[in-house]
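Me: I would like to go through this structure feature by feature. Please give the general idea each time, then the case here.

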Amino acid sequence: MKSKKILIVEDNDLNRKLFENLIGQLHAYESARNGLEALEKSIYSRFDLILMDIQMPQMDGFTTLKKLKSQAHQSCPIVAVTAYVEESERGNFLEQGFDDLITKPIRPREFLETIQMHLTKDPPSKPLKSNTGVEQVLDKSVIEQLFKYNSKSTLKKVFEDFLQECNQTLQLLQNQESNPEEILAGLHMLKGNSGTLGARRIFSVCQNGEAELRSNPAFQTNELSISLENEIKEFNQFLNQQTIFES
Ligand code: MN
């Protein structure tokens, strides 16, 4: 019996799907793709917890938080889920009114534990762990966690979508017509999703590329596109060698 209801506010399709899969096993949920949708849903439903992405189109997480807090009937915990943060900025999120902060890429077990903790109203005490580690093609611990909470067929589809996204971003980099903004958006999205899926080397390439391009919009992307192409190949090969999706 799913007695608790959670509102997932997240614009990234891949993240939203993963969150829905994780949460759906334990609780009822609704999803919103941006702050405006979240506000609308909150008028008609009562939630026990809201998970709030920060960077979203239409209305961002901070603005949405303020509006939700001004609605008397929504007094549930609101937890920020964001990639745009260092652990040191945690205080800022709490000051703004968030009840807690989960950093992306999420770790499924910690993610669910944090949610459970707020649903059972225990005080937040667990420090966030930073994601450090060696550069593997695929982070085994992330994969193990993902498999604990998602079916093989779901994950297979997620990885297929991810590879497609990798190739789209690569095409953006290879296309002379692409403008820096488009490339940045592509790299940023791919950085987040590769982090979520534990594709560590693709993550690093995107992270470095994004930083370079931000500091210098005239940055030549040739080398970056070659690195990304190689990492995508490696990743693809790695997946093909694995039997992880076979039942
Ligand atoms: Mn977002």
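Reply: Start with burial: a residue is buried under 20% relative accessible area, exposed over 50% and partly exposed in between, with a 1.4 Å probe and protein chains only. This is a predicted model, in which local features need pLDDT of at least 70 and side-chain atom pairs count only at pLDDT 80 or more, while totals for chains, interfaces and linings use all residues. Residues are numbered from 1 along each chain as its sequence is written, and side-chain values use heavy atoms, with hydrogens and water left out.

Me: Which protein atoms are the donors of the manganese ion?

Reply: Donors are N, O and S atoms within 2.8 Å of the metal (3.2 Å for Na, K and Ca); water is not among the atoms, so sites may look incomplete. Here the protein donors are Asp11 (OD), Asp53 (OD) and Gln55 (O), at 2.0 to 2.2 Å from the manganese ion. Their spacing in sequence is D-x41-D-x1-Q.

Me: Where in the chain do Asp11 and Gln55 lie?

Reply: Helices (H or I, at least four residues) and strands (E, at least two) are DSSP runs, numbered from the N terminus. Asp11 is in the loop between strand E1 (5–9) and helix H1 (13–24), and Gln55 is in the loop between strand E3 (49–53) and helix H3 (61–69); the pair links distant parts of the chain, 44 residues apart. Asp11 is partly exposed because its relative accessibility is 28%. Gln55, at 48%, also counts as partly exposed.

Me: How do I read the packing of helix H5 and helix H6?

Reply: Two packed helices are described by the angle between their axes and the distance between the axes. Axes are lines fitted to C-alpha atoms, for helices over the stretch in contact, and angles run from 0 to 180 degrees between N-to-C directions. Helix H5 (residues 108–119) packs on helix H6 (residues 140–149) at about 55°, with the axes 8 Å apart. That makes H5 oblique to H6; angles under 35 degrees count as roughly parallel, over 145 as roughly antiparallel, 65 to 115 as roughly perpendicular and the rest as oblique.

Me: Which residues of H5 and H6 meet?

Reply: Pro108, Arg109 and Leu112 in H5 meet Gln145, Leu146 and Tyr149 in H6.

Me: How many disulfides does a search of the whole structure find?

Reply: A disulfide is a pair of cysteine sulfur atoms within 2.5 Å. The search finds 0. The sulfur of Cys206 is 7.2 Å from the closest cysteine sulfur, in Cys166, which is too far for a bond.

How values were computed:
Contact means heavy atoms within 4.5 Å.
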